[in-house]
Amino acid sequence: MLNAKTNIITLILGLAFIAVNLYKLPYQLGKAEELEEDALQIMEAEAYIPEGSTVLPLNYSYHWLHYHIGLYLAADKDLVVLDNYEAYAVHFPVKWKEETWPQNSLGDFGKSHRPKVEIAAYEEYSGKTVDCVVRYGHSYDMDDASTLYTDSLLAVEFYPAFTSDDKMVEVHLRKGLSKE
């Protein structure tokens, strides 16, 4: 008797789980379409970045699924993207070389939605040049000290090469960059 009741309860719970997921499916599909658009914007920006560039992605979005959106930049092109979460985590086999690890000197770009970056300090520490900065979700209405500092750094050392139609994605290339 107990086994029959357990089977009925399991069946009811299973059907309820399926019903709830079917009810939520249109919402989830809508969100998936929005996120696809976000990823496509980043992929469009990739076309403006020269092959072999070292790219600093800055993410100003608070959406948790945007956390690593800058990594899409290297999906179809040979780029060094300085935000490699696998290289930071202990459970992945990929590791940063100590002398090029960006978190040692580049600033808080991997942890902050209003990053203050220290590009010159990173370049001196690592011997590597940051060729490109890509910003996602930045707005020129932001007026905190870190964002204003980064804005001024980009204005002096980089030039805007691309801005998406909705202004969510910006590509800034190093002045004097000559890659083929």
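Rings of Phe, Tyr and Trp (its six-membered ring) pair if their centres lie within 6.5 Å; planes under 30 degrees apart count as stacked, over 60 as edge-to-face and the rest as tilted. By this rule there is 1 aromatic pair.

The model is a predicted one, in which local features need pLDDT of at least 70 and side-chain atom pairs count only at pLDDT 80 or more, while totals for chains, interfaces and linings use all residues. Residues are numbered from 1 along each chain as its sequence is written, and side-chain values use heavy atoms, with hydrogens and water left out.

**Stop 1: the aromatic pair**

Select Tyr48 and Phe162. Their ring centres are 4.5 Å apart and their planes stand at 20 degrees, so the pair is stacked. Helices (H or I, at least four residues) and strands (E, at least two) are DSSP runs, numbered from the N terminus. Tyr48 is in the loop between α1 (2-46) and β1, and Phe162 is in strand β4 (residues 158-163), so that the pair links distant parts of the chain, 114 residues apart. For accessibility, buried means under 20% relative accessible area, exposed over 50%, and partly exposed in between (1.4 Å probe, protein chains only). Tyr48 is partly exposed at 38%, whereas Phe162 is buried at 8%.

**Stop 2: Tyr60**

Move on to Tyr60, in the loop between β1 (54-59) and β2 (80-81). Tyr60 has 3% relative accessibility and counts as buried. Show what is around Tyr60, taking contact to mean heavy atoms within 4.5 Å. Neighbours within four places in sequence aside, Tyr60 is in contact with His113, Arg114, Pro115, Arg135, Tyr136, Gly137, His138, Met142, Thr147 and Thr150.

**Stop 3: salt bridges**

A salt bridge is a side-chain nitrogen of Lys or Arg within 4 Å of a carboxyl oxygen of Asp or Glu. The count by this rule is 6 salt bridges.

Select Arg114 with Asp144; the closest N and O atoms of this salt bridge are 2.8 Å apart. Arg114 lies in the loop between α2 (85-88) and α3 (119-126) and Asp144 in the loop between β3 and α4 (145-157), so the pair ties together parts that are 30 residues apart in sequence. Arg114 is partly exposed, with a relative accessible area of 30%.

Next select Arg135 and Glu170, a salt bridge with its closest N and O atoms 3.0 Å apart. Arg135 is in strand β3 and Glu170 in strand β5 (residues 169-174), so this pair ties together parts that are 35 residues apart in sequence. Both Arg135 and Glu170 are buried.

Lys116 and Glu118 also form a salt bridge, at 3.9 Å from N to O. Lys116 is partly exposed at 34%, and Glu118 is partly exposed at 28%. To finish this stop, select Glu123, Glu157 and Arg174, which are linked in a network of salt bridges.

**Stop 4: a cavity and a pocket**

On a 1 Å grid over the protein atoms alone, a cavity is a set of points where a 1.4 Å probe fits but cannot get out, and a pocket is an open set with protein on both sides within 12 Å along at least five of seven lines; lining residues have an atom within 4 Å of a point. Grid points are joined across faces, edges and corners, and a volume is the space filled by probe spheres set on the points.

The structure holds 2 cavities of 30 Å³ or more. The second largest cavity has a volume of about 70 Å³. Select its lining: Ile42, Pro57, Leu58, Asn59, Tyr67, Ile69, Gly70, Leu73, Asp83, Val134, Arg135 and Tyr136. β1 and β3 (132-136) each supply at least two residues of this lining.

Now turn to the largest pocket, with about 160 Å³ of space. Its lining is Leu71, Val81, Asn84, Tyr85, Glu86, Ala87, Val94, Lys95 and Trp96. α2 gives the most to this lining, with 3 residues.

**Last stop: Lys167**

Select Lys167, in the loop between β4 and β5. Lys167 is not a glycine, yet has a positive phi of about 65 degrees. Most residues other than glycine have a negative phi. Lys167 is exposed, with a relative accessible area of 54%.
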